[in-house]
Amino acid sequence: MHLLAAASDRADTANAIAEVLDTLERAMAQDGLERAPDLLVVQTSANHDIAAIQAVARKAGVPTLHGATTSQGVMTGGRMVAEGGNGLGALALWDGGGAYASAAAALGEDPRTAARRATERALDKAGRAGEAPDLIWLGVAPGREEAVIAGIEDAVGANTPILGGSAADNAITGAWCVFDGDAHHADGVVVSVLFTSAPVALAYQSGYAPAQHAGTVTRAEGRTIHEIDGEAATAVYARWTGGRIAPNICHGPANVLAESTFHPLGRPLGAVAEVPFHLLAHPAVARPDGGLELFADVAVGERLQAMTGSVESLTARAGRVAALALRQGGLAPEDIAGALVVYCGGCMLGVRAQMDAVAADVDNALGGAPSLGLFTFGEQGPVVGGRNRHGNLMISCVVFAKA
Amino acid sequence: MADDEALREALIELEQLRAREAAARRASDAVLHGLTAITEAGKPTAALRALLGSIRESLACAETVLLVRETTAHPTPNTVATPTPATAPPASAEPATVVRYATEPDVEGLPFPDHPVAAGRPGRLVDTEAVGWWDNAPEILRRHRAVLWVPIALPEGGAGAILCLDYGVARFSPADQALLARLAGLAAQALATLALSERNALLAGVIEGTTASVAIADARDPATPLIYVNPAFTALSGYAGEAVLGRNCRFLSDEAPDAPERTRLRECVAERGSGEFVLRNRRRDGATFWNRLSLYPILDDEGLPSVLVATQVDITTERAAEAARVQAEYALAQRAAAIDAAQDGIAITDPAGRFVYMNPAHLALFGFEDEAQVLGQPWQILYEPEQAEIVERIGMAELARTGTWRTEILARARDGTPVEQEASLTLLEGIGLICVTRDISARNRDERERARLRERLSAAQRQEAMAQLSAGIAHDFNNLLSVITTSAALMDAAEADAAALARIQAAAARASALVGRMLDLGGRKRERRSLDLRQAVSEAGELLRAGIPGRIALSIETGPAAAAAVSVEADPTDVAQVLLNLGINARDALGQRTGEIRIALDTAPAMLPQNPALGRIVAGVDYACLSVSDTGSGIDAEAQTRIFRPYFTTKGVAGTGLGLAVVAGIVEEIGGALTLESSPGAGSRFTVYWPLTSTPPCPALPYLAPLGAVEPDPPNTGREVFDLQGRLVLICDDQAEVGEGLAAILERAGAETAVCTAPEDALAAITEDPDAWSLLVTDYDMPGMTGAALTEAVRAVRPGLGVVLCTALPKAVRRPALFDALCAKPVTPDTLLGAVARAAEAAAKESPCES
């Protein structure tokens, strides 16, 4: 297996593509690669022309294109590539002994079915209909990720790891989209099935710790918590954060996304040695009716744990997650061909100034292997116990062994 | 990093470590479980099935199967012990995937979709209902929803896979896949063990069951004792295993220890080498046989000989067959040489009619020097276009119809000269034409010569018959004329019309002249000359051979005394007449039976026959004996008395009655004799005694004058008056009225006469009183005795008695000198009286006392 990564922060799509292509072609020539990659993962800031990217990929003969928008830009080569909120990054993968295919679809009214069909279509394209791949690489519009995971599992079962992130933009304006080689969708999903000829290993973690407070959801609807322990959710959340996040909601909903980055809510996943582990949900909007909107579904009866994080932990966590992925696969940095890293867009915004250090840590952990990091508005992956879940403020990494 | 975060990270890693350890422990347990199952199962096939059961338990699935994709048609190993289910696909050369082993025995041998094996990689099928190929899975497996498989290497080199099946959808995880991959290694080893076991069992079975004798000796032991012999060895040698194990197999040899082949074998064994030997061995029952022995060592893992293997084959029959083959090749070579050396030309063409073989005689017949000049050439090169067209139109049609064709045809030699060819063609399907040919130019010439001879003989026979007929008519007619003329002469001219008498006498004279000319026309002019009778007999014999059928053996022999020329005075046609008539009678006497005709020529024996059937044997005369004998029906005594008479035949309308009469005439003419020995059923032998010219002529029997050389005495034209007073003349003629006429003429001249019609009476009268008679006037052709014989007989009684022969066939008289005078009928008084007067004078000269 062979991977190469390239990125550009040119604002102009053509120039950005040209720069990325130039970088890739030079690396291919250096590594003796003469054919198009079997899989091309493209992450781009939302300002770029998706159709142009697809056209270039088609022209290059790329059989499988997996694309999604990222917040601000990408990180690769030990640096953040997001100058002026422009970033276009690509990870190219060659694996003659494997099978790879992507399929994008609009989520529509039934995101679970849409995801299942997209998965089945990708399997068909890979020539592996009915089989379970080694990994599902997922790109999905924010909002209905849980249903999408269920749909994918309908097709490949719960034993296949699903890793990916929710498409993002720079200002939460809904400019995100996902795409494959043929189509792109704002409210859609792109599923890539990866049948690899070499092992893959992954880690999916957060950098937060439980705080003092906890409660039970007593009224909720979708991603909105109306009450915790019978009390308005906004009031409870303000109390749990010591009043640090008590927005003025007299005039309407208040965006709390930035402030809440270090104070997410956690849902218990289980315990190791009686130490509980949580799946995070990121509060985004405080509503005048006391409701608190999140970037993840919450159900009545779920136990919520106030969580706390810090700039230091979020800065150091990405590199540690990459290292954890290597250990998970029993791999040394020199054993891997490359990696994909998903870093929560909220976290990125919270530690924006330290992002070069984050990228450097990741690069160091991977031993300088080609990698592409993306910034998302939700992260999907297998939690403790192996179940695929959707969470917020998470960091994940998948490493591809050379052989 | 905060302590809490560090703790959680450590816990996660601990959890991951536990998971990895659990997976490793699971894998170890599964491997151990599998090894235990293999070990406890004992036999390789059971071990493989036990391993599949162990895998099923380790992966907690419903079923485990082992698929193989067979690229060549051969029975699966388990079918040796377990018959292939009826639903199994027929053996074919097309690759096909089947279930070779399974935890569910009922599916073993069933066809299975090719997909898992063809993939050549692991796979996890989430839900079988989502894929179409699963519809082709065995029915009893179709209810399974999840499938996990990994490929497996087969010892025989084909592709295979181990499958785990379960009823739940998405039942198998990547960890399951990793575990199965590990266990597949065990399965591969079990398969290899099974294959090795089956191979060993197969080899053992083959050695035990083969009809070739196999003996194995311990090569590590200097004595090289036998440690194994198979049943075929026992069958070959008669020695059971227990009787020979531990012994060196030299006890089988029937050859001397220093025999070359045995020495070579001993050296090979000593070197632990390999080789082939042919030895004469001895069975336990003492019978010997020829043994072709192949010896070779088997090396251990260090490359040292551990055992010596000897295979033995009884080639006694083979050697005999080889000897027979050599003999057959020799015989074939002989035949080929015979064909090459055959005087007849032999050629073979291919189906297209082009020569592929031509023997030297054929080549020579057509003027070719070398076979290469004709090989590949069409047969038409030997014929002019017209003849080739005949062969193609008639011959090929006949060959197509009957397979053979025989013809005589004019061919063409290489230089264009014609070749009179007899060809016998045979069509052999798929081979071509076989042509046997010979040059019949000489034969045709001979045949033409024989035809000419036959024609000449036939003409002679016709002429002879005509002569016989003419003579008979002339004889009778002259007798009648004689009566007329003598009667006319006796009439008194005064009492009769003188003119009328003159006309009667003139007419009688002209009639007599006419009869004489008729005899001249019917008679054959014989050309007697001195010749070698051997040559004449040989030629006549070959002429006869042409008319003798193949069932009758004709031999022509000349005795030792005839080694030199056998000289006789004869007309060659007479020789041919005698031989052909006797030979044809002999042929006819054999009828349709097989038999033998023998012609023999030799000089006569010392003891000559005293009473020949024809002619007379004269003492002092040398004869050649020419005999014709047959094994035919024979001749009864009554017929023997008549067979030489003209027109007597025993053949009915097929016979002329002239053959033996002609023979008789010739025998008489040559002064020979003929004897006949025959009896009914015992065959016949005619022997002609032919006087040799080396013998001086008998004075008492002047040699025969040629026919027609004798002229009757001329008439007495001088009207001389004869006085026969006092003379007693005896007249003998079988025609009474002729005799009486003659008597009347003589009596008119004064003689006394006595007339008799039988020569025996005449002889009796003279014998009774020989001196009483003055003269005898006799006819020639009379029954029982000719005039010549009567004359001789009378002179024996009364030497010097004058005899006048008065015959109707004076030219047929063969010994005219025997008589004192001769006159031809019809006779005139003057002629008769003149003849009588000359005879009387002659007799008086010989007997002066009488005169």
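First, my terms: I call a residue buried under 20% relative accessible area, exposed over 50%, and partly exposed in between (1.4 Å probe, protein chains only). This is a predicted model, where local features need pLDDT of at least 70, side-chain atom pairs count only at pLDDT 80 or more, and totals for chains, interfaces and linings use all residues. Residues are numbered from 1 along each chain as its sequence is written, chains are lettered from A and ligands numbered from 1 in the order in which they are written, and side-chain values use heavy atoms, with hydrogens and water left out.

Entry 1. I counted a salt bridge wherever a side-chain nitrogen of Lys or Arg sits within 4 Å of a carboxyl oxygen of Asp or Glu.

Entry 2. I looked up Glu131(A) and found it in a salt bridge with Arg121(B), with the closest N and O atoms 2.8 Å apart. Each partner lies in a loop of its own chain, so this pair joins two chains. Buried or exposed, I wondered about Glu131(A) and Arg121(B)? Both are buried.

Entry 3. Next came Glu129(B) and Arg145(B), which form a salt bridge at 3.5 Å, N to O. The pair ties together parts that are 16 residues apart in sequence. Glu129(B) is exposed at 62%, while Arg145(B) is partly exposed at 22%.

Entry 4. Arg280(B) and Asp254(B) also meet in a salt bridge, 2.9 Å from N to O. These two tie together parts 26 residues apart in sequence. I noted Arg280(B) as partly exposed at 31% and Asp254(B) as buried at 18%.

Conventions
Helix = DSSP H or I, 4+ residues; strand = E, 2+ residues; numbered from the N terminus.
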